[in-house]
Amino acid sequence: MNGPLLQVKDLKVAYGGIHAVKGIDLEINRGELVALIGANGAGKTTTLKTLTGICSPSSGEILFDGKSTAKKPIYDYIKQGLVMVPEGRGIFSRLTVEENLLMGAYTRSDKADIAHDLERVYYLFPRLKERMKQLAGTLSGGEQQMVAIGRAILGRPKLLLLDEPSMGLAPIIVQKIFDIIKMIAAEGVTMLLVEQNAKLALQTANRGYVMESGKITLADTAANLLANPKIQQAYLGE
Ligand code: ATP
């Protein structure tokens, strides 16, 4: 299918009287890695939750692969390939690493392909292979982030939405996680990356959107955003 993989048109989302997303437009093309940056409370997480069907829009349109996602159950979103790695990771702490990973494949029945994808995750994260029988609740924060990304891969994402993958991790682990994100992107998975670490996000992405108080205020190539003095001052600590 031609055209963008994701098209968001004038999307608005409210929590009761709080307008978290105030009419945004976004487009993600196949194979792109797009960053969404912005201060705390700008509406980034709400945007991701709406794209994956967790929050409902009050108005606007979301087209995935050219088709509207409106009024579909969450199961359908995952089956279509819209898969999120949530902020805080959402690990099942009393399940093993492998059981957590396989939860990502719960909408699938293609056993041989699932086994293949599991091997791919163990190739990307050898640390998880070593610890496949360990209870996930006993893993380090970085290892839990690996499980969350691995679990999403088991969902065969067409569009992978990552919410703050660097949160709470030591710089060396963050680098490792971002190296893996780049490897997944290089394999052709389209991604939308929400990140507080704007510099790292823009160094990794092809394009970026800047969100402020529920609106998109700037959209440009990642290189232009990195070179933009306003962005440098507001988000890059320069
Ligand atoms: P952060 O980087 O801090 O996670 P964010 O850009 O992801 O911020 P959101 O979490 O989307 O921002 O929040 C946007 C706005 O919506 C904020 O003002 C927040 O307080 C509000 N909000 C988020 N979730 C809820 C909720 N469940 N009920 C009411 N208001 C909410």
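## A tour of the fold, starting at a hairpin

In the hairpin formed by strand 9 and strand 10, two residues sit between the strands, and Ser213 takes a positive phi near 45°. That is a handy place to start reading this structure, which is a predicted model. The two strands run antiparallel and are joined by six bridges. Within this pairing, Val210 stands opposite Leu218 of strand 10.

**The sheet around the hairpin**

Six strands make up an open sheet with mixed pairing, and their order is 6-7-8-3-9-10. Which strands stand at the edges? They are strand 6 (82-85) and strand 10 (215-221); each has a single partner strand, so one side of each is left without a neighbour in the sheet. Ignoring direction, neighbouring strands here are turned by 20° against each other on average.

Strand 9 and strand 10 illustrate the antiparallel sense. For the parallel sense, look at strand 7 (residues 159-163) and strand 8 (residues 190-194), which pair over five bridges. Here Leu161 has Leu192, in strand 8, as its bridge partner.

**Helices lying across the strands**

Helix 1 (residues 44-51) lies across strand 3 (33-38), strand 6, strand 7, strand 8 and strand 9 (207-212), and it runs at about 150° to strand 7. Helix 6 (residues 141-153) lies across strand 6 and strand 7, and its direction is at about 175° to strand 6.

In soluble globular proteins, nonpolar side chains tend to be buried together. In this model, the largest nonpolar core holds 50 residues, and Leu128, Leu160, Ile184 and Met191 have the most contacts inside it. Which helix gives the most to this core? Helix 7 (residues 171-186) does, with seven residues. Apart from this core lies another, of 26 residues, including Leu82, Met84, Leu159 and Leu192. Leu192 is also the bridge partner of Leu161.

Setting aside its neighbours within four places in sequence, Ile184 is in contact with Leu124, Ile149, Ile153, Leu160, Val189 and Met191.

**Salt bridges**

Turning to charged side chains, the count comes to ten salt bridges. Three of them are set out here.

| Pair | Closest N to O distance |
|---|---|
| Arg156 and Asp117 | 2.8 Å |
| Lys129 and Glu119 | 3.5 Å |

Arg156 forms a salt bridge with Asp117. Arg156 lies in the loop between helix 6 and strand 7, and Asp117 in helix 4 (residues 111-124), so the pair ties together parts that are 39 residues apart in sequence. Arg156 is partly exposed, at 41% relative accessible area. Asp117, at 2% relative accessibility, counts as buried because the cut-off for that label is under 20%.

What does Asp117 touch, not counting residues up to four places away in sequence? The answer is Arg108, Ile153, Leu154 and Arg156. A network of salt bridges links Asp117 with Arg108, Asp110 and Arg156.

Lys129 forms a salt bridge with Glu119. Lys129 lies in helix 5 (residues 126-130) and Glu119 in helix 4, so this pair ties together parts that are ten residues apart in sequence. Lys129 is partly exposed at 41% relative accessible area, and Glu119 counts as partly exposed at 41% relative accessibility.

**What the record says**

An unreviewed UniProt entry places the feature "domain: ABC transporter" at residues 6-238. In the model, the end C-alpha atoms of residues 6-238 lie 32 Å apart, and the span is 39% helix and 27% strand.

Terms used. Residues numbered from 1 in each chain as written. Predicted model: local features only at pLDDT ≥ 70, side-chain atom pairs only at ≥ 80, totals over all residues. Heavy atoms only, no water. Core = buried A, V, L, I, M, F, W, Y, C linked by side-chain atoms within 4.5 Å. Buried < 20%, exposed > 50% of the residue type's maximum accessible area, 1.4 Å probe, protein only. Helix = DSSP H or I, 4+ residues; strand = E, 2+ residues; numbered from the N terminus. Contact = heavy atoms within 4.5 Å. Pairing = 2+ DSSP bridges. Axes fitted to C-alpha atoms, helices over the stretch in contact; angles between N-to-C directions. Salt bridge = Lys/Arg side-chain N within 4 Å of Asp/Glu carboxyl O. UniProt positions renumbered as here; feature names shortened; annotations may be inferred.
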